[in-house]
Amino acid sequence: MGAKERGFTLIELLVVVVIIGVLLGITLLSPITGSVHHRVQKEANHLLALFVQVRDKALIENRVFGFSIDGQNTYRWWQLQAETQQWVALEKPPFQSRRLPDGLALTLESLEESMLAEGDEQVPAVVFLTDYQVTPFRLHILADQKQSLYLTTDGLADIERVRE
């Protein structure tokens, strides 16, 4: 065997095939897991922007606003009428009621005892006061039991996004 043989060994070829297979698997699966993550991020960013807007609106307009969710993953914005002391649902963009896309779920946890009746859909669970304070809360945004985020505040600090 004086002549040196050229080419790749079977093990070298198998290693290359395995590497290509792993890279293809990652490439093909990342849009699936990425899309769930993207949907949760998008909804969290949307809600966070609305929370900042309504908090500023309460301060600037000297009005009290509220936020609530119902059992069908729909959230609603409220305004307290000064004359009648009644909550009225807002319907003008961007504060109209909105149902979350399929696969996303919301749960709202108040971080202090509320004087409002639990389960009453005619009053908000979170109240934005005219002095920039807000009812302390923790809003859980969950997608298919896989990806989740929290929007939370202690009532005085800014509302922040927290990954579970």
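Isoleucine 11 counts as exposed, at 63% relative accessibility (exposed is over 50% relative accessible area, buried under 20%, partly exposed in between, with a 1.4 Å probe and protein chains only). This residue is found in helix α1 (helices are DSSP runs of H or I with at least four residues, strands are runs of E with at least two, and both are numbered from the N terminus). The model is predicted: local features need pLDDT of at least 70, side-chain atom pairs count only at pLDDT 80 or more, and totals for chains, interfaces and linings use all residues. Residues are numbered from 1 along each chain as its sequence is written, and side-chain values use heavy atoms, with hydrogens and water left out.

**Surface of α1**

- Ile11 belongs to a nonpolar surface patch with Val15, Ile19 and Leu23, and together they have about 400 Å² of accessible area.
- Such a patch takes residues with over 30% relative accessible area and no salt bridge, and joins nonpolar side chains (Val, Leu, Ile, Met, Phe, Trp, Tyr) within 5 Å.
- A salt bridge is a side-chain nitrogen of Lys or Arg within 4 Å of a carboxyl oxygen of Asp or Glu, and areas come from the Shrake-Rupley method with a 1.4 Å probe, counting only the protein chains shown as cover for residues.

**Nonpolar cores**

- The largest nonpolar core has 27 residues, and Leu47, Phe51, Phe67, Trp77 and Phe128 have the most contacts inside it (a core is a set of buried Ala, Val, Leu, Ile, Met, Phe, Trp, Tyr and Cys residues joined through side-chain atoms within 4.5 Å).
- Elements giving two or more residues to this core include α1 (10-61), β1 (65-69), β7 (137-143) and β8 (147-153).
- Helix α1 provides the largest share of this core, 8 residues.
- A second, separate core of 6 residues includes Val64, Trp78, Leu80 and Val123.
- Beyond its neighbours within four places in sequence, Phe51 is in contact (heavy atoms within 4.5 Å) with Phe67, Trp77, Phe128, Phe137, Leu139, Leu151 and Ile159.

- β8 is largely enclosed by the rest of the structure, because 6 of its 7 residues are buried.
- β7 and β8 pair in the antiparallel sense over 7 bridges (pairing requires at least two DSSP bridges between two strands).
- The bridge partner of Phe137 in β8 is Thr153.
- β8 also pairs with β9 (residues 160-163) in the antiparallel sense, over 4 bridges, and Tyr150 has Val162 as its bridge partner in β9.
- The hairpin of β8 and β9 has 6 residues between the strands, and Gly155 takes a positive phi near 105°.

**Serine 110**

- Ser110 lies in strand β5 and is partly exposed, with a relative accessible area of 34%.
- Leaving aside neighbours within four places in sequence, Ser110 is in contact with Thr135, Pro136 and Phe137.

Conventions. Patches are made of residues with over 30% relative accessible area and no salt bridge: like charges are joined within 9 Å, nonpolar side chains (Val, Leu, Ile, Met, Phe, Trp, Tyr) within 5 Å.
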